[in-house]
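Q: I have a structure to go through and would like to ask about a few parts of it. Can you put it up?

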Amino acid sequence: MPPFRHFTTKAKEAIKKAHELAIERGQNHVNPMHLLAALLLQEESMVISILDKMDVDTILLTDSVLDIIENPEAGQTISPSYQIYLTPELAHTIESSSKVVQSLGDEFVSTEHLFIAVLDIPGEARELLLKFKIERQTVLSVLEELKKTSPTEAKETKKFKSLSRF
């Protein structure tokens with residue numbers, strides 16, 4: 001497991017939120033679907049910015065993810081204990097996020113790296129993202145585009161989006 005000191009505050013918050021989502025549902029395991037839900041529920045998230053730029057219906061995606069983790073089958077405890085554990089898929093996803101950081105030449109694991117790692121690891125979360133036509137290469141392209149956008153442009157866009165709601 002990579003040390004969490006190389007994770008941004010937002011990335012740590014997403015992992016913690018994934019853990020909380022499992023506890024709230026009485027589940028004793030945290031999987032990539034919980035992490036995906038946490039990433040989608042996070043405010044001012046780079047993941048949401050990426051998905052908005054890709055014209056993904058983030059509300060429908062979030063609802064779909066929450067429906068899956070609410071599913072009674074997902075609520076089955078795999079072993080009747082009081083400990084919560086990460087599924088091997090989630091451990092692999094978190095580990096993979098460090099490789100994503102290296103491949104992009106970034107310094108810290110952030111939410112977008114966790115999101116890309118979800119797309120790297122085969123499983124239910126990745127399958128759902130693919131159903132929404134969210135593919136790794138497109139996410140990387142949009143991420144590069146967003147990184148090139150100057151901070152003031154991003155703020156103006158965010159302001160405009162906020163105003164357009166009214």
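A: Here it is; note that this is a predicted model. A place to begin is Thr-58, which is in contact with Ile-48, Leu-51 and Asp-52, leaving aside its neighbours within four places in sequence.

Q: Where is Thr-58, then?

A: Thr-58 is in helix H4.

Q: And is Thr-58 buried or exposed?

A: Thr-58 is buried, because its relative accessible area is 14% and the cut-off for buried is under 20%.

Q: Switching to helix H1. Which of its residues are buried?

A: In H1 the buried residues are Ala-11, Ala-14, Ile-15, Ala-18, Leu-21 and Ala-22. Seen down the axis of H1, they fall within an arc of 115°, so they line one face of the helix.

Q: Why would residues spaced like that point the same way?

A: An α-helix has 3.6 residues a turn, so residues three or four places apart point the same way.

Q: What does the buried side of H1 pack against?

A: The buried residues of H1 pack against strand E1 and helices H2, H4, H6 and H7.

Q: What is on the face turned away?

A: That face of H1 carries the exposed residues Thr-9, Lys-16 and Glu-24.

Q: OK, new topic. How many residues are in the largest nonpolar core?

A: The largest nonpolar core has 45 residues, and those with the most contacts inside it are Leu-35, Leu-61, Phe-115 and Ile-134. The largest share of this core, seven residues, comes from H2.

Q: What does Phe-115 touch?

A: Not counting residues up to four places away in sequence, Phe-115 touches Leu-36, Leu-39, Val-47, Leu-51, Leu-129, Ile-134 and Val-139.

Note on methods. Residues are numbered from 1 along each chain as its sequence is written. This is a predicted model: local features need pLDDT of at least 70, side-chain atom pairs count only at pLDDT 80 or more; totals for chains, interfaces and linings use all residues. Side-chain values use heavy atoms; hydrogens and water are left out. Buried means under 20% relative accessible area, exposed over 50%, partly exposed in between (1.4 Å probe, protein chains only). Helices (H or I, at least four residues) and strands (E, at least two) are DSSP runs, numbered from the N terminus. The arc is that of the directions from the helix axis to the C-beta atoms. Contact means heavy atoms within 4.5 Å. A nonpolar core is a set of buried Ala, Val, Leu, Ile, Met, Phe, Trp, Tyr and Cys residues joined through side-chain atoms within 4.5 Å.
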